[in-house]
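Subject: Model for your files

Hello,

Here is the structure you asked about. My notes on it follow below.

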Amino acid sequence: MNDIAPNLSKTAAGELDWAQVRASYPRQRPLLNLNNAAVSPPPLVVEQAVVDAYRFIGRNPDVNMWSGLDVKLPSIKRELAEIADCSADEIALNRNATEGLSVAIFGIPLSPGDRVVVSKWDYPSALGGWRQRQARENIELEVAEFGLLSSDDEVVEAYASAMQPSTRVLQLTHMIHWTGRVLPIGRLCALARERGIVTIVDGAQSFAQLPISVHALRCDFFVTSLHKWLGAPVGNGMLIVDRGRIPQTWPLLAPFDRVDSIDKFDHWNLGTYNSALQAGIEPAIRFHREIGVSNIHARLRALTRYWVERAADIPGFTVHTPLDAEMLGAVTLFTIDGVDSRHIECALRDSYAIHVKYRQVGDLKGLRVSPHIYQTESDLDRFVESLRAVVRDAYGV
Ligand SMILES: Cc1ncc(COP(=O)(O)O)c(C=O)c1O
């Protein structure tokens, strides 16, 4: 096991040594990367596994890819099933959450007039998929209306009142990527189940960042990327389909074999693909497991509260994410009254070598900040002091 995951030690006080975690990742340069919610760097051990696997493929591709690397995929699925708390025979491996969303959205049989409930905060590719089905098949879209700072009860009420007898599908986002708001997903799935409505949970931001049990959620589809919070190489995603839902769901690509198991959604139906990328999943799982998802979540929540508290006295500073939420993670969105967020994004990058992400949804135009476990309080001190200087310059004081 040591060859694929470093043994992380604890400090004298029994705490995880975050400096050692940091040293296990590639150094980020030239920019301080505070947009990990988009894509995170893999730990060095993961990077090395992919390089080794790629070289291994080149020595005898047809044999080494299928018989040397892909034979490990069933055991990788078993390990992922432990993290997600589901069965390995409900897991398909694919390229990312976008692909999983499309498999679910285009795979559910629907008739003209059937209704699907979405929210304007869902990921654009999810909304785009449903709009395409609306245009091609005359299904109806209903929007659950709620604000990003609404209470959980208000959110549940918004979805409940958007449902009608002809509602067939609820499209849900666990952690909303615009601001990091976590929805009461268990309550929403239960509400749908009572009414026989199929649920798609987009867990791209929540999987491996927060403790999750897909088994307890009892959703029909759960989709995620593995390159954000698990630390797998870019190009890896996971789709979980409830066992009872598999036979009636159409795959996006024609399956190679005549199977009606979860295999019909796996990436090997894509034809020849880069197996070396999957060789990074197992070391990523081991690294993640060695720290533990509860420790990861607690650390990310603490880092978020750390920088927000220090930035709170910057004139005009407003956070659009509920900070007291138990499920708060690494992702937040902030604005500075009277200062264009795009200007702040550019000034932080050009003058201070710091990368945060401008996000616009509706009237909300802010900056998303998402640190990862390889970052420390000193990175966040540097960010906050740079932000303070940018705002001081912008206000001209
Ligand atoms: C909520 C959510 N869903 C889906 C995606 C798509 O992920 P990917 O680009 O890895 O397919 C993202 C990416 O940021 C996301 O935040």
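Ser-370 is buried, because 28 other C-beta atoms lie within 10 Å; a residue is called buried if 20 or more other C-beta atoms lie within 10 Å of its own, exposed if 12 or fewer, and partly exposed in between, with C-beta atoms placed from the backbone. This is a predicted model, in which local features need pLDDT of at least 70 and side-chain atom pairs count only at pLDDT 80 or more, while totals for chains, interfaces and linings use all residues. Residues are numbered from 1 along each chain as its sequence is written.

Ser-370 sits in the loop between strand E13 (364-369) and helix H13 (377-395). Helices (H or I, at least four residues) and strands (E, at least two) are DSSP runs, numbered from the N terminus. Apart from neighbours within four places in sequence, Ser-370 has contacts with Leu-34, Asn-35, Asn-36, Ala-37, Ala-330 and Val-331; contact means that the two C-beta atoms, placed from the backbone, lie within 7 Å.

Around the ligand are Ala-38, Asn-96, Ala-97, Thr-98, Tyr-123, Thr-173, His-177, Asp-202, Ala-204, Gln-205 and Ser-225; a residue is near a molecule or strand if its C-beta atom, placed from the backbone, lies within 6 Å of it. Of this shell, four residues are nonpolar, six polar and one charged. Here Ala, Val, Leu, Ile, Met, Phe, Trp, Tyr, Cys and Pro count as nonpolar, Asp, Glu, Lys and Arg as charged, and the others, Gly among them, as polar.

Helix H5 (residues 97-107) has nine of its eleven residues buried, including Ala-97 and Thr-98. The buried residues of H5 pack against strands E2 (91-94), E6 (198-202), E7 (221-225) and E8 (237-241) and against helix H6 (124-137).

**Two helix pairs**

The axes of helix H2 (residues 44-59) and helix H10 (residues 281-291) come within 8 Å and cross at roughly 165°. Axes are lines fitted to C-alpha atoms, for helices over the stretch in contact, and angles run from 0 to 180 degrees between N-to-C directions. H2 and H10 are therefore roughly antiparallel. Angles under 35 degrees count as roughly parallel, over 145 as roughly antiparallel, 65 to 115 as roughly perpendicular and the rest as oblique. Val-45, Val-46 and Ala-49 of H2 meet Pro-283, Ala-284 and Phe-287 of H10 in this contact, whose residues are six nonpolar, no polar and no charged.

For helix H12 (residues 341-352) and H13, the axes come within 10 Å and cross at roughly 120°. H12 and H13 are therefore oblique to each other.

Regards
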